[in-house]
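This report goes through some features of one protein model. It takes up charged pairs, then a pocket and a surface patch.

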Amino acid sequence: MKKFRRIRQAASLCLASLLLAGTTAGEVHATSIPYDTYNYDYREYIHFTPAAYVPDTTVRGSGLTWNGEPLGSFVTPQDLCQADDGRIYVADTGNNRIVVLDGKMREVLNVISTFDNNGSEDSFKQPYGVFVSEKNEIYVADSQNNRVVVLDQAGKLVKIVANPQSESLEEGYVFVPLKVAVDYADRVYVIAQNMFEGIMVFESNGSFSTFFGTIEVEISAWEKFWARLASKEERAKQVLFIPTEFTGIDIDPDGFVYASNIDPGGEQGVRRLNPRGEDVIKKGENGNVGGDLWITGTTEYAGPSQFTDVVYRENGIYSCLDRKRGRIFTYDHEGNLLYIFGGLGSQEGTFALPVAVEDIGDRMVVLDATRGEISCFQVTEYGRLINEAVGLRYDGSEASAVAVWERVLELDENNELANTGIGKAYLTAGEYELAMKYLELGMNRDHYSVAYRRFRNEKLTANASYILTGIAALIAARLIYRQWKKKKTGKAGVENG
């Protein structure tokens, strides 16, 4: 069945490509956009859409100055984040420094490459991750120095998190932090190299606490059966069943941790972890938060996406960065795929090796490690409307979202999420017949069933008196007929006798 589904996907992709070739740019997307913008429908066919975000500007270190001197190119940068005050922090890994930019990324506000450590000058060695807490403290994953360095806004040392101690850690374990995040209680979450037990959690005082959100590996009964029959040499060649490492991390205002990972099955590349470390993410209608619904037999869509970073935005919306195809996948709080943009290539707005994504106002920015640049994408009317409608629905204002969803349908008449959003609003308002119409267009079977059941009950209730009267009339007619037939039969018997 899965193979048949992928054959259908491949066929739909070919058909869509042919249709795309025969249309003008304005009918699908602007010719200046160097990537396809699409989504998947209920049947998991590819559906081309207007662009939600388009390339805007590109920021390079070589185009910036610091203290009157050229800043110099970024070298294999690995992470970036935005603080609450709007400042942008870039982990310029190859140059062993943290570059601080203004919100528009036009000016360099600070460059942190050294700091005072108990009277001695200290420096970074390949800082991979950077995060700014609610207290405006800068957390740097100083990977090759095997520590997390915490600095204040002026670049002065606050504390160092290093040398974790625990019985659960292997003897001789080397701490190599790659990504870092901090919650409202100053708990530090660290993604470390070769750490498969989960995300490492440190208390505010820097002591190691526990592992968080461990990904459990599911081994099928068939794999267990063959493992028992295999020889020692054959077992050595088999794939090791070890948990997947996390690749990116972010925290929402409620303290839920969003963590990306590379899923070999391509079904779940991101997790939403509650304070107990349990995954509570919703997977939407397709049951998939893993990026592209990959298609065998094709080049562009072959193999699952590989999420390398995740950013929580607002109103339950989050975006994941796929390093395999250079695309940004955005989901709502229910796990519905909202839109896709980006791609690999040599043109402006495409990437060589994307490593980090961030949401900055009405722009999305992506950090490219190979080119050492930050690509900025501006939201379009289509993307803004979707974001607004999802936000209204997230706040419980489904009725207010109807007008916005209708404008989305003017731009993309086949948008199933818009039809579903309108259908749900009518369902809540008690307009069951209209709800059924839009939920059918949105291919939302669950809510359509609810609307149909309520519509049926409503009709039955409204016409109950007529129905009961009709039933009573039928019963009375049947009794009269039986009495009449009985009398007729009796009369005929008397006459014959």
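In this predicted model, R276 counts as exposed because its relative accessible area is 69%, and exposed means over 50%. R276 pairs with E278 in a salt bridge whose closest N and O atoms are 3.6 Å apart. E278 is partly exposed, with a relative accessible area of 36%.

The count of salt bridges comes to 21. Three of them are set out here.

| Salt bridge | N to O distance |
|---|---|
| D142 and R147 | 2.9 Å |
| D292 and R325 | 3.4 Å |
| E278 and R276 | 3.6 Å |

D292 and R325 meet through their side chains. This pair links distant parts of the chain, 33 residues apart: D292 lies in the loop between β22 and β23, and R325 in the loop between β24 and β25. D292 is buried at 0% relative accessibility, and R325 is buried at 7%. In the pair of D142 and R147, both residues are buried. A network of salt bridges links R60, E348, R371 and E373.

The largest pocket has a volume of about 770 Å³. Its lining comprises 36 residues, with Q82, F131, D250, I251 and Y312 nearest the centre. These lining residues divide into 18 nonpolar, five polar and 13 charged. Strands that each supply at least two lining residues include β6 (79-82), β12 (127-132) and β20 (246-251).

I475 belongs to helix α10, residues 464-496.

L367, in strand β28 (residues 363-368), is buried, with a relative accessible area of 0%. Its C-alpha atom is separated by 9.5 Å from that of V59, although L367 and V59 are 308 residues apart along the chain.

How values were computed. Residues are numbered from 1 along each chain as its sequence is written. This is a predicted model: local features need pLDDT of at least 70, side-chain atom pairs count only at pLDDT 80 or more; totals for chains, interfaces and linings use all residues. Side-chain values use heavy atoms; hydrogens and water are left out. On a 1 Å grid over the protein atoms alone, a cavity is a set of points where a 1.4 Å probe fits but cannot get out, and a pocket is an open set with protein on both sides within 12 Å along at least five of seven lines; lining residues have an atom within 4 Å of a point. Grid points are joined across faces, edges and corners, and a volume is the space filled by probe spheres set on the points. Helices (H or I, at least four residues) and strands (E, at least two) are DSSP runs, numbered from the N terminus. Ala, Val, Leu, Ile, Met, Phe, Trp, Tyr, Cys and Pro count as nonpolar, Asp, Glu, Lys and Arg as charged, and the others, Gly among them, as polar. Buried means under 20% relative accessible area, exposed over 50%, partly exposed in between (1.4 Å probe, protein chains only). A salt bridge is a side-chain nitrogen of Lys or Arg within 4 Å of a carboxyl oxygen of Asp or Glu.
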